[in-house]
Amino acid sequence: RRSKIPLDAPAVEPPAEAMSRLDVDFCVDERARWRSIDALLLRRGRFTGPDFEPGEDVARVLREHVRVLVVGAGGLGCELLKGLALSGFTTLDVIDMDTIDVTNLNRQFLFRAEDVGKSKAETAARRVRERVRGCAVNAHHGRIEEKEDGWYKQFDIIALGLDSLEARAYINAVCCGFLEYDEDGNVDPATIKPLVDGGTEGFKGHARVIVPGMTPCFNCTMWLFPPQTTFPLCTLAETPRNAAHCIEYAKLIQWPAERYGETFDADVVEHMTWVYTKALKRAETFGIPGVTYAHTQGVTKNIIPAIPSTNAIIAAACVIETLKMATMCAKGMNNYMMYVGTDGVYSHTVEYERDPSCVVCSPGIAHALNANATLEEFMASIVAAYPDSLAEPSVSFGGKNLYLRGVLESEFAENLNKPMIELMNGRKEGLVVVNDKKMKKTSMRLRLSLK
């Protein structure tokens, strides 16, 4: 039915009683909005966590105080932001260094064609703010390494939506670096910064919960990730058998030969086009089909095709674990879930164990030394024992620096010839903390025994 109010009629302020009804309607709408979440938070259940106390307080904490950082705003990151915003988290941050490419649009649903070339983090944050009322999303465009370690302390939970092992290892090392242990090897709960990590690879994926100091950290289970596929150079040069061989030949052999001294950058279109053209010519020479520009990108960047449904499933699992962690409304995952969607739908949860000798998260690796050993001999022994992690160590004990590298090194030179037992205040056992540039953002904890 057509309205009888003229289009040019002046606006009329509603009476006060009408405004109060609007307020009531808004409150009712808010309750209806979070009805499914409140069903978990306002009542006790058989599967709630051990410290869960149902009521308005836990719902208010979730919506007003919990702050979550999402690392990565790609296919998985977009799903994480959507899921967290629709699950009652109202204060979110997202960090990503990438800009939007046209190839992202088929699965990274927060982006549009007009967003190509713009920051992923800023665009994703804006879209979530537009679509989810009351959700504040702060965007950070840049590398995760550019942030000081202390910056990550402000977040209650960190959710990872990354496609890089190096980036995962970096965030893991930062969070494990916050850990503080007492002399008995017990972690201080106040220093724990929990992580929820998700990853996808085609129709496969995983979700995991990392509680540093209590569950296996990323470094403890690095063996879960297979090494990247490599090809023998003789095969590339003499007997290429598929399109990937031709692309790798163009990148590894032709590029340095024809463009000597120039570093190949997979993000530079001209570089990628050059490799594609060379690979296509080589493929034609050997009668090999399948060399396309997209395939060239996939091989040079080690890109595995992303499946939107896999991203949605894994992100949903990560969001649920984040909600459990923030509210204790249910017992958390223990501690790794794998998903396989290649033949039907299959998932399995595995409880992996911590590596007691992990250099990143352990309370201390056992290290024995002669009772009369000096600080210099101690440092030489640990460099010999851990050559992959140590080269020029700095050493501290009981919060006191025993030896520091750099501009202050001369001030600690006199300690080099002192016995460790003297520097440890006469104790024959103790926790020694070692730092080295080779370990970047983490410390090595050693439980030193002098015998």
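Biologist: How many nonpolar, polar and charged residues line the second largest pocket?

Modeller: This is a predicted model, in which local features need pLDDT of at least 70, side-chain atom pairs need 80 or more, and totals for chains, interfaces and linings use all residues. Numbering starts from 1 along each chain as its sequence is written, and side-chain values use heavy atoms, without hydrogens or water. Ala, Val, Leu, Ile, Met, Phe, Trp, Tyr, Cys and Pro count as nonpolar, Asp, Glu, Lys and Arg as charged, the others, Gly among them, as polar. The lining has 11 nonpolar, 3 polar and 4 charged residues.

Biologist: Which residues are the closest to the centre of the second largest pocket?

Modeller: A pocket is an open set of 1 Å grid points where a 1.4 Å probe fits, with protein on both sides within 12 Å along at least five of seven lines; lining residues have an atom within 4 Å of a point. Of the 18 lining residues, the closest to the centre are Val209, Val211, Met214, Met325 and Met328.

Biologist: How are H8 and H9 oriented to each other?

Modeller: Helices are DSSP runs (H or I, at least four residues), numbered from the N terminus. The axes of H8 (residues 243-258) and H9 (residues 269-286), fitted to C-alpha atoms over the stretch in contact, come within 8 Å. They cross at roughly 115 degrees, on a scale from 0 to 180 between N-to-C directions. Since 65 to 115 degrees is the perpendicular range, H8 and H9 are therefore roughly perpendicular.

Notes
Helices (H or I, at least four residues) and strands (E, at least two) are DSSP runs, numbered from the N terminus. Angles under 35 degrees count as roughly parallel, over 145 as roughly antiparallel, 65 to 115 as roughly perpendicular and the rest as oblique.
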